[in-house]
Amino acid sequence: MLVYNSQTHRKEELIPLEEGKIRMYVCGPTVYDQIHIGNARTFLSFDVIRRYLMYKGYQVTFAQNLTDVDDKIINRAHEQGREASEVAEECSAAFIDQMHRFGVLDPDIRPRATREVEAMQEMISTLIERGFAYPVASGDVYFSVRADKSYGILSGRDLDQMRAGERVEVNDEKRDPFDFALWKAAKPGEPSWSSPWGDGRPGWHTECCAMIHRYLGTPIDIHGGGADLIFPHHENETAQALCAWDTALANVWMHAGMLRVDGEKMSKSLGNFYTLKEVLDTYPADAIRLLMLQTHYRAPLDFSFARLEGVRGTLERLQTCVQNLRWAADRAPQDGKLNKADRILGRAIDDAREDFSHQMDDDFNTAGGLAAIFALVTAANTYLADAADDTSTAVCLRAADMLCELADVMGVELPHAAATEELPAGLVDLARAQAGYGGDSAADAAEALLGARQEARSAKDWGRADAIRDGIAGLGLLVEDTSAGARLRRKE
C-alpha cells in the first residue's frame, strides 16, 4: 500500500512499526464554535483512511484530541460573558454530536488538553533540561528553534528565509522571533494551572505532542491533519519530539487538502461560510460524504450546493440498486445453474473488489474507489434489466453484499436486508374486492393485487388494472414496476 508522506513529498510503502498494527493521530478541533465544512472534510478523509486500514486487516489505534483551552475559547467566553470551560464543554459536545451525524467513527482515545497538563509540563521540563527551551521573566516558556538543528525537517522551511510575523507571534522576550510558546503565563480571568514557571496554561503546539507521547508512544505510524497545519503546528510538534525524546513524532505525515466554496476561499466576509451542522440539517450525511470523497483527499475540494444536489441522485442510484438486487434475490429460485448473464455479473463483482483495493492502495484514492463501486452498480442494473425474472439468488445477493461492503469502507450505509415495510391492513379488503383474495395477510394481499393487476394488463383490461392501481394509491402506496417485477412502496 502506497501512502504519500508530506515530509518526503513522495508516496512510500506503508510499513507499520509493529506488524499488523497502525497507531495514528489526527489533530482535533479547538472547541469554541461549530466546526465548518472545511474541518469536516479533514475529519472525513481520515475517517475513511482509518476504515480502509481496518478493512485491510490492520489493528488501528486512533487518537484525536480536543483542544479545550486556547485563546479562541477564552476570547469567545469573554464575548459571551461566560467561563471558558463552559464554552469548551458545550462546543466539545456539539463537535462529537456532528461527527456522529456525519458517520465519523469515534476515536479509540479522545484526550482533552485540560486533563493532560501534567504530561505537558513533564515534556516542557525535559526540553528545558536539555537546552531546547527557556523560561522568561513574564512566566512564559519558549522553545528555542535555533537550538534544534533539524527545525524545518517537516515543512522544508528555512528560518533564515522567513520573516518575523509570518504566522508566528512577535515578542521581545523571545531569543528568536520564531521561538514558540510551550507555556503561557496566566492573565487575569484566564484558566490556569500551577507550574514550576508560575501559573499558566500550555501552548497549542505542546498539547498534541505530549498527548501523542502519553497515549500512543513515539514515533507513531501516521500523523494527520489539514494542510494548513503543516506549519507551524506540525513542524513545532515534531521539533519538540525530536528534542525531548530523540525520536521522530511520526513515520508518515498525511495532510488533507483545503476546501473552497464555488471556487472561492470560504469566509464569513464573502457570505460562503457554512458549518457542518447547517449542511447536515438539509442534506443526508451520505450524500455529503460521497461529494467530498469524489475528490482525492490531498487535492483541493470545490464544494457547491449544486454539486451536492446532484450527488443526492447518485446516492439514490446506489441505494436503489442494492434494494433491487435484494428484491430480485427474494423472488429468484434458490437453485439452478448459472447462465451467461449470471457469470458476467459474477466477474463484475470480483472486478469491483479488485479495482477498489487497487485504487485505495494507491494513497487512498477514494475517487477511484467510488468509480469501482459505480461500475458494479452499472453492471448490476444492466443484469437486472436484461434478466427480468430470470435472476440468480446467489449472484444478486453477492452483488448487493459487495456494494454494501465497499460502501461501508466509505462510511456510506446501505440496506443489508430487503426492505420490509409494514403494509396497511386495507390491502386485504382491496384484494378481496379486486383479486378474489380470501386470506388476512396484508403481504399476501399485496402479492394477489399485483398479480391481478398484471393479469389485467396482459389482457389489456385497462379499466381493471387502473382500478387496482387507484385502490392501492388510496392506501398511500405506489406500484413500482422494476426489472425484477412490480412491488409496492409508500408515497414519499
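**A first look**

Modeller: Happy to! Of the protein's 492 residues, 52% count as buried, where buried means under 20% relative accessible area, exposed over 50%, and partly exposed in between, with a 1.4 Å probe and protein chains only. Keep in mind that this is a predicted model, where local features need pLDDT of at least 70 and side-chain atom pairs count only at pLDDT 80 or more, while totals for chains, interfaces and linings use all residues. Residues are numbered from 1 along each chain as its sequence is written, and side-chain values use heavy atoms, with hydrogens and water left out.

Colleague: Got it. How many helices and strands are there?

Modeller: The protein has 15 helices and 15 strands. Both are DSSP runs numbered from the N terminus: helices are H or I with at least four residues, strands are E with at least two.

Colleague: And what does the C-alpha trace span along its principal axes?

Modeller: About 95 × 50 × 40 Å. The accessible surface comes to about 22,200 Å², and 47% of that belongs to carbon and sulfur atoms. Those areas come from the Shrake-Rupley method with a 1.4 Å probe; for residues, only the protein chains shown count as cover.

Colleague: What share of the contacts joins residues 24 or more positions apart?

Modeller: Such pairs make up 73% of the contacts with a separation of 6 or more. Contact here means heavy atoms within 4.5 Å.

Colleague: New topic: how many positive and negative side chains does the protein have?

Modeller: There are 54 positive and 77 negative side chains, and the centres of the two sets lie 3 Å apart. Lys and Arg count as positive and Asp and Glu as negative, leaving out His and the chain ends. Each charge is placed at NZ of Lys, CZ of Arg, CG of Asp or CD of Glu.

Colleague: Which residues does UniProt list as "binding site"?

Modeller: In an unreviewed entry, the UniProt annotation "binding site" covers Cys27, Cys208, His233 and Glu237. They are spread over 211 residues of sequence, yet they cluster in space, with a largest C-alpha distance of 11.1 Å. UniProt also lists Lys268 for "binding site", again in an unreviewed entry. The positions use the numbering used here, feature names are shortened, and annotations may be inferred rather than shown by experiment.

Colleague: Is histidine 233 buried or exposed?

Modeller: Histidine 233 counts as buried because its relative accessibility is 1%. This histidine lies in helix α6, residues 230-245. Leaving aside neighbours within four places in sequence, histidine 233 is in contact with Cys27, Trp204, His205 and Cys208.

Colleague: What about glutamate 237: where does that one lie?

Modeller: Glutamate 237 also lies in helix α6. At 0% relative accessibility, glutamate 237 counts as buried. Not counting residues up to four places away in sequence, glutamate 237 touches several residues, including Cys27, Cys208 and His223.

Colleague: Then is lysine 268 buried or exposed?

Modeller: Lysine 268 has a relative accessible area of 59%, so this residue is exposed. You'll find lysine 268 in the loop between β12 (264-265) and α7 (276-280). With residues up to four places away in sequence left out, lysine 268 touches Asp33 and Phe273.

Colleague: How many residues of helix α8 are buried?

Modeller: Nine of its nine residues are buried, so to speak a mostly covered helix, running over residues 285-293. Among them are Ala285, Arg289 and Leu293.

Colleague: And where is glycine 313?

Modeller: Glycine 313 is in helix α9, residues 305-331. This glycine counts as partly exposed because its relative accessibility is 42%.

Modeller: Helix α11 (residues 366-387) has 22 residues and reaches 31 Å, close to the 32 Å expected at 1.5 Å a residue. That expected span is 1.5 Å times one less than the number of residues. Just after α11, alanine 388 takes a positive phi of about 50°.
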